[in-house]
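Thanks for coming. Please have the sequence and the 3D view open while I talk.

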Amino acid sequence: MHLYNLTLQPPTAITQAIVGNFSGARQQEIIVSRGTRLELLRPDVQTGKVSTVIASDVFGSIRSLAAFRLTGGTKDYAIVGSDSGRIVILDYDPKTSSFVKIHQETYGKSGARRIVPGQYLAADPKGRAVMISAVEKAKLVYILNRDAAANLTISSPLEAHKNNAIIHHIIGLDVGFENPTFAALEVDYTESDQDPTGEAFNNAEKLLTYYELDLGLNHVVRKWSEPTDPRANLLVQVPGGQLASSDRYDGPSGVLVCCEDHIIYRHMDAPQHRVPIPRRRHPLEDPERGLIITAAVMHKMKGAFFFLLQSEEGDLYKVTIEHDEQDVKAVKIKYFDTVPVAISLCILKSGFLFVASEFGNHYLYQFQKLGDDDNEPEFSSIDYPNYGMADPTLPLPRAYFRPRALDNLTLVDELESLDPILDSKVLNVLPNSDSPQIFSACGRGARSTLRTLRHGLEVEEVVSSDLPGIPNAVWTTKLKEEDEHDSYIILSFVNGTLVLSIGETIEEVQDTGFLSSAPTLAVQQIGADALLQVHPHGIRHVLSDRRVNEWRVPQGKTIVSATTNKRQVVVALSSAELVYFELDLDGQLNEYQDRKAMGSTVLALSIAEVPEGRQRTPFLAVGCEDQTVRIISLDPESTLETISLQALTAPPSSICIADMLDAGINKTQLTTFVNIGLQNGVLLRTVLDPVNGQLTDTRTRFLGTRPIKLVRVMVQKNPGILALSSRSWLNYTYQNLMHFTPLIFENLDYAWSFSAELCPEGLIGISGSVLRIFQIPRLGTKLKQDSIPLSYTPRKFITHPHNGYFYLIEGDHRVMGEAASKQQLEKLRQEGKMIDDEVVDLPPEQFGRPKAPAGTWGSAIRVIDPVEGKTVNVLHLDNNEAAFSIAVVPFAARNNELHLVVGTAQDTFLAPRSCTSGFLRTYSFTDEGRGLELLHKTETNDVPLAVLAFQGRLVAGVGKSLRLYDMGKKKLLRKVENKTFSSAIVTLNTQGSRILVGDMQESVFYAVYKAPENRLLVFADDSQPRWISSAAMVDYNTVVAGDRFGNVFVNRLDAKVSDQVDDDPTGAGILHEKGLLAGAPHKTQMIAHFHVGDIVTAIHKVSMVAGGREVLLYTGLHGTIGILVPFVSKEDVDFISTLEQHMRTEQISLVGRDHLAWRGYYVPVKAVVDGDLCEMYARLPANKQSAIANELDRTVGEVLKKLEQLRVTASGF
């Protein structure tokens, strides 16, 4: 078994974001790390929309990012710390639109280790040095400079190690042009290690230490070290240093130390200032709980600066420092606004705040004001004795504020993110859809959603209006060549033509020079300022002064097909002749003296647009009824001569020649593609050689059941092609590569480009008798998402076998359930406390819910209708119960009537796992599955983490034991149990009488139920421990599973063993077999293994394309969706594995990680080819592409075609 791994949706979580002028232009960009990918995002200052400029897989794990700029430079570079044991400096090259590695310095072992640097990065604000640090002990400083040719240079590393020190955070100090200094938060654990009583551990001090890089002596000195608050977790750089032009200081320099419940300003030889972090005044708040700052950003303006700090509740605080030169007078803090909890905050100079959320969608906000003159209470260090430092060990009196809706910020854009995906299903539930949808339960807390993902581009409809009849075609046209927008919409009906003018409104116009009594075949704005209309009986050339020149068809013939561009017109007559016209320099249309007889009825014609600076395009494509396409020359030397011919499998219905960029074929120039749509719904894409007119590199694709119509359109300033069949598809260029994706929209009968002031980049189409104007906002997202909001974090969901509803369990730890919080508020009211209802009623999806002590849960069971996209019913659990597992079970004891079983537990603590009692709640379905009626609750002694229907009964993993339950009157009756599992059972799968049990720490066990003796026996297990996160059966003997370290593996049981177990009626043979390696008597064999780089939360065996082969689709915690495709033939395996080996030698990883080591992070990669790496082949330079292709005895086109075929046949993407 060999598998091919392809990522369909790369991870959408952001682990860090930095801002800078990376392209060297005046605008700022954001570089985000998505764990294993680097992306450059560009916010548009006018529209506020964020677009992805480039996304690059690094084949390694990015641990830290920092931006820096050399003194006096205009361009920022990015420094990346990763698990490769190397520091890498990247430059974004706007010409090739790619990241270029400028430096890669090795300093340690690979892997994310405790004492190998890479976890923290800090750059000197003046760009002279950078410090890279590990979690423990090791810190290295690199000096950055320029050489004579103004290229960036990097020194050898200087050590700033401190033994037995755990590092919590590092930051570069702003000291102007004095020696670069770095600040670190460190804890020395020497004494704690030696002291068994734990006294030293409790008294360990957290030190704020300054490290100075002496540029003269070229080494690093520990300059200053002082104990600070033991709960400090974050440092923020405070501006400082003198301006070169004046003696004024930018700021006082130093750091803000963020601690639990307060913030301290510290600097060497300067008094400390301490202010409290204001808290929400909520009646249900947990007074024992401290508040910490989790994200911070500093912004400098002319002559001023401020900080935005974000607490773990999502509240932003604005912190300002009043200073006189270098002396701090006061530190002030006030509430600013509430946004989702961020992993990184970035302020752009154009007045935007980018919030990279910890979970869920990411947001771009615009500053409306800076919160200076509002009446929020402000807390200053002057208000407290000795600037708040009278007794540093005692907390300051608590400060409070009232949260409110956004006031200083407004939301301008939202980037969809699936992170975290906790469970998923792949099903086709939508009517008339030919491929399945992916349903994923995403998010955390009140911002959770259940999302439906459909493959296709999202379409934004601008206008739709009904027409008097059913048109068969639509065009738009400008009046003059230099017009920016279109002026007319032309609709062709069976018996006439309607012309609409585009203005404030769209209305019919009469005196356009167009013939309205006949249908139209083609419309073109021709020459500088004339229009052209082709109808069955002739061609009308409408000049700018409304004079009309008309060419009439010879008696007894009609025009059956036409194609036009700015200077050329070709029409085909019913007598199978071609007539060619060309525009002369005076703007007259002249007919070429000969007509070309084709010998077979012409069905389709196409010429390309006139290339820049040319008079004409030299090729015409003609499709005939004899199932051929001919390329015919329009060159003056050889006009209307046939150059080449392509045979087809069906008559063509439409042809379209377009010049598009595809970097896989040619990185520098546009490639001319001839697209041929056939009447049987197949599309052929061939490449036209611009020199000799030959057709090469044919690719085919099935689009739908109707004959295809092809239209050339403009999509985001680049040429594209719309292919209309029973679905509409768009062929377009995105990030220099060619893509082909369906549109999620009504079926269109015809379409054309549309440009008006309100919709400059639009398309216009007709479906039936409705005219629709629409645009395609995001070309980068191939999965359209529709969300259903949830109230708590989703845990698992299942589908009902008959009624199509989803049953989803959700639960949040440290959150009070609905009933409990109402009860608590009622109690407070009875005690006579004033309750602030406005604060209590704040929407939780925006502000979160108040945190409760550990062991408190809010949980619910939700019934969802996925087709309508809405919640049908919600049952909230009371008594502090939380749901952990769910199954639909047909109980044989009740005539196979379906029941819903939900495994819950009361007062659950997560680590170590404990609960006062577990329950199996059994519900019957009422109201066709919309309602649930509780039949009974069965107590268990541990948390039931997995339940499953099994042979008319219920099998449950309750803590460490596997049990079989049957239906009883008052509760479920335990029939048999097996207690031999070592940790906890987290997954269950079954086929026949076999149960596959996934253990939290010990991989997958094969168990069998022997009914005659009523025994549950484990007969096989894995030879190595695995922390299972999800599992699925590939077949009766094979299991695929994902573990918590980001691996996917396939284990198979020997078929002989399998048969032997099945043939043993009572299981006596298994009972008496001797265990192997302190486990079961048989071991499974690992047949495939691969490191995905994301924790796999669900795996499914599905077919993604109608009639396609089955693949394994997995979803990952960070929002990754990928597939593992089985190879069909041995030669495919050899070909693709050899290609992968060649790609590995190219060392594509931007962070310098060895690809083989990365994909075999914990266990060497086995029998899986990395499709993402193979697909980078299209981005290689042309000489490398052909060198690799030669080694494989193929052409470059054949290699690319094979890769595309693998992707398309398996996934349809």
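First, the ground rules. This is a predicted model, where local features need pLDDT of at least 70 and side-chain atom pairs count only at pLDDT 80 or more, while totals for chains, interfaces and linings use all residues. Residues are numbered from 1 along each chain as its sequence is written, and side-chain values use heavy atoms, with hydrogens and water left out.

Now some terms for the sheets. Helices (H or I, at least four residues) and strands (E, at least two) are DSSP runs, numbered from the N terminus. Two strands pair if DSSP finds at least two bridges between them.

Let us begin with an open sheet of 4 strands in the order 76-77-78-79, paired antiparallel. Its edge strands are strand 76 (944–950) and strand 79 (973–978), and each of them pairs on one side only. On average, neighbouring strands of this sheet are turned by 25° against each other, direction ignored. For such angles, axes are lines fitted to C-alpha atoms, for helices over the stretch in contact, and angles run from 0 to 180 degrees between N-to-C directions.

Within this sheet, 6 bridges pair strand 76 with strand 77 in the antiparallel sense. Val947 is found opposite Ala956 in strand 77. The hairpin of these two strands has 2 residues between the strands, and in it Gln951 takes a positive phi near 50°.

Next along, strand 77 (residues 953–958) pairs with strand 78 (residues 961–966), antiparallel, over 5 bridges. Leu954 has Tyr965 as its bridge partner in strand 78, and Ala956 is opposite Arg963 in strand 78. This hairpin also has 2 residues between the strands, and here Gly959 takes a positive phi near 60°.

Is strand 77 largely enclosed or left open? Of its 6 residues, 5 are buried, so strand 77 is largely enclosed by the rest of the structure. Buried means under 20% relative accessible area, exposed over 50%, and partly exposed in between, using a 1.4 Å probe and protein chains only.

Strand 28 is joined to strand 29 (residues 352–357) by 6 bridges, and the two run antiparallel. Leu345 is opposite Val355 in strand 29.

On to the rings. Rings of Phe, Tyr and Trp (its six-membered ring) pair if their centres lie within 6.5 Å; planes under 30 degrees apart count as stacked, over 60 as edge-to-face and the rest as tilted. How many aromatic pairs are there by this rule? The count comes to 24 aromatic pairs. One of them is the stacked pair of Tyr335 and Phe401, at 4.2 Å centre to centre and 20° between the planes. Tyr335 is in strand 27 (residues 327–338) and Phe401 in strand 32 (residues 400–401), so the pair ties together parts that are 66 residues apart in sequence. Tyr335 and Phe401 are both buried. Elsewhere, Phe1045, Trp1158, Tyr1161 and Tyr1162 make up one aromatic cluster.

A charge sits over a ring if NZ of Lys or CZ of Arg is within 6 Å of the ring centre and within 35 degrees of the ring normal. The charged end of Lys126 sits over the ring of Phe177, 5.3 Å from its centre. Lys937 lies over the face of Phe919, 4.3 Å from the ring centre.

Now the single residue. Ala160 is in the loop between strand 14 (158–159) and strand 15 (165–172). Ala160 is buried, with a relative accessible area of 5%. Leaving aside neighbours within four places in sequence, Ala160 is in contact (heavy atoms within 4.5 Å) with Met131, Lys137, Lys139, Tyr211 and Val220.

Last, the record. UniProt, in an unreviewed entry, lists residues 460–776 as "domain: RSE1/DDB1/CPSF1 second beta-propeller". That span is 0% helix and 55% strand, and its end C-alpha atoms lie 6 Å apart. UniProt also lists residues 859–1178 as "domain: RSE1/DDB1/CPSF1 C-terminal", again from an unreviewed entry. Residues 859–1178 are 12% helix and 50% strand, with the end C-alpha atoms 48 Å apart. UniProt positions are given in the numbering used here, feature names are shortened, and annotations may be inferred rather than shown by experiment.
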